[in-house]
Amino acid sequence: MFFELTEEQALVQETARRFAEEDILPTLEEEEKNHEFRQDRVERMGELGFLSCVLPEELGGNGMGFLESVLMAEQIAEVSASWRLPFNMQNLGAPLSVARWGTDEQKEKYISGWIEGKKMGFFAMTESNTGSDVASMKTHAIDKGDHWELNGSKMWITNAHVGDAGLLYAYTDREKGNKGISCFIIEPKKTEGITAKPIETKLGLHCSPTGEFVFEGTKIPKEAMLGELNGGFKMCMWQLGNTRIGCAAGALGVAGGALKHAIQYANERTQFGKSISKHQMVQAQIAEMTVEHEAARMLVYKAAWLKDQGKPNQFETSVAKLAASEAAVHAANEAMKIFGSFGFSTEYPAERYYRDAKSLQVVEGTSNIQKMIISGMACGHTDNR
Ligand SMILES: Cc1cc2nc3c(=O)[nH]c(=O)nc-3n(C[C@H](O)[C@H](O)[C@H](O)COP(=O)(O)OP(=O)(O)OC[C@H]3O[C@@H](n4cnc5c(N)ncnc54)[C@H](O)[C@@H]3O)c2cc1C
């Protein structure tokens, strides 16, 4: 067993740390206040080669893997949970699915735009009445001979209204249950019959656009289908296995960011004649946050390493996602307490970590869904894949 990063991995981590501190941090609070999304920043990530970690080199891959991707996501999210999302989406979302399941034409047409950060990607499963139970979706595509006709809607989709091209999951044969879902690559800005609008009521992640799609008799070309007809559910679960580890890494970053700010404040703030970090109960809070953060880090790195080795990792990925997202929420909650009244103020970052952390218990499979996956495998009901 070897716990040290290689020189290259340490360099990747340092590059992402510098990017987060120099490119994101200086203007972050203002952008969060204005709910501002910066396409130029996604392009900058593309220029730096951040968005092509797991792709084969012939498709533009940079020769890195899931572990490097996790190291970067952690550093970005430690500064900004919002900016972890486009990194994950452009890096581990649509590009990997198209690389695995796409035709040569689809690979040629879409992957470079996503990984250069010039075309915003997305993946759309969730609907207003469909979340954890993906197979309960209503959106469907009808074969009209020379095209598909789409009807339905999607909700809570990252990048919906800024998206150029992304993955849409829809029923093509409802009779077959989850074996009747297909995946399509859609281009909302270029396609009539797709309405995309932002969701403006989010609690946090204000620099990450989230929105809705409505499809009304939308015509999409036959060649827009990704992979096999009715093969979408399997692809969706595979894709979630990739983006879930990115989310776990983001949670690790949020836990680390909340802890860092809490320690800094606890060392500076004086009450009862000494810094509050010298009071035992505050020390206990910091110790608990530290243990959970360290444990989550081991779990996330291990799951990413297993993915890079091509070994079964669904169990470890869910364990890592559950542990890291719960650690992030706990750390953010404790940071709020350590900051006292200033935790309750938007002048300090504690409240932003607290708001953003809550999303991590929901996205890429809620904490209960991770528990279902973990216990199913722990009890031998399903196999680790
Ligand atoms: C910021 C943000 C970004 C998002 N981005 C995307 C995106 O890009 N693409 C996309 O498709 N979706 C996206 N989502 C949607 C997200 O994936 C869903 O919200 C998530 O899957 C949960 O679905 P739900 O909200 O409908 O909750 P529900 O599934 O309705 O769950 C509600 C509660 O019931 C629990 N529950 C449900 N079923 C069970 C069960 N069987 N056993 C025990 N408990 C259960 C859940 O754990 C949860 O606590 C995003 C959401 C947010 C907040």
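User: At what angle do the axes of helix α3 and helix α8 cross?

Analyst: Helix α3 (residues 66–79) and helix α8 (residues 280–308) have axes that cross at roughly 150 degrees and come within 7 Å. Those axes are lines fitted to C-alpha atoms, for helices over the stretch in contact, with angles from 0 to 180 degrees between N-to-C directions. The helices themselves are DSSP runs of H or I with at least four residues, strands are E runs of at least two, and both are numbered from the N terminus. Keep in mind that this is a predicted model: local features need pLDDT of at least 70, side-chain atom pairs count only at pLDDT 80 or more, and totals for chains, interfaces and linings use all residues. Residue numbers start from 1 along each chain as its sequence is written.

User: Why are α3 and α8 called roughly antiparallel to each other?

Analyst: Angles over 145 degrees count as roughly antiparallel (under 35 is roughly parallel, 65 to 115 roughly perpendicular, the rest oblique). The pair crosses at roughly 150 degrees, and α3 and α8 are therefore roughly antiparallel.

User: Which residues make the contact of α3 and α8?

Analyst: From α3 it's Phe66, Leu67 and Val70, and from α8 it's Val300, Tyr301, Ala304, Trp305, Lys307 and Asp308. In contact means C-beta atoms, placed from the backbone, within 7 Å. By class, that gives seven nonpolar, no polar and two charged residues. Nonpolar covers Ala, Val, Leu, Ile, Met, Phe, Trp, Tyr, Cys and Pro; charged covers Asp, Glu, Lys and Arg; the others, Gly among them, are polar.

User: What makes Leu55 buried?

Analyst: A residue is buried with 20 or more other C-beta atoms within 10 Å of its own, exposed with 12 or fewer, and partly exposed in between, with C-beta atoms placed from the backbone. Leu55 has 24, so it's buried. Leu55 sits in the loop between α2 and α3. Leaving aside neighbours within four places in sequence, Leu55 contacts Gly60, Gly61, Pro95, Leu96, Ala99 and Ile115.

User: And why does His35 count as partly exposed?

Analyst: His35 has 15 C-beta neighbours inside 10 Å, so it counts as partly exposed. His35 is in the loop between α1 (7–34) and α2 (39–47). Most residues other than glycine have a negative phi.

User: How do you know that Asn230 counts as partly exposed?

Analyst: Asn230 has 17 C-beta neighbours inside 10 Å, so partly exposed is the label. Asn230 also has a positive phi, about 65 degrees, without being a glycine.

User: What makes helix α10 mostly covered?

Analyst: Eight of the eleven residues of α10 (350–360) are buried, including Ala350, Tyr353, Tyr354 and Leu360. The buried residues of α10 pack against α1, α7 and α9 (314–338).

User: Which residues come nearest to the ligand?

Analyst: Thr126, Gly131, Ser132, Thr366 and Asn368, out of 19 residues around the ligand. To be near, a residue needs its C-beta atom, placed from the backbone, within 6 Å of the molecule or strand. The shell has eleven nonpolar, eight polar and no charged residues. At least three residues come from each of domain 2 (123–232) and domain 3 (233–378), with bounds from an automatic or database domain assignment.

Terms used: Contact = placed C-beta atoms within 7 Å.
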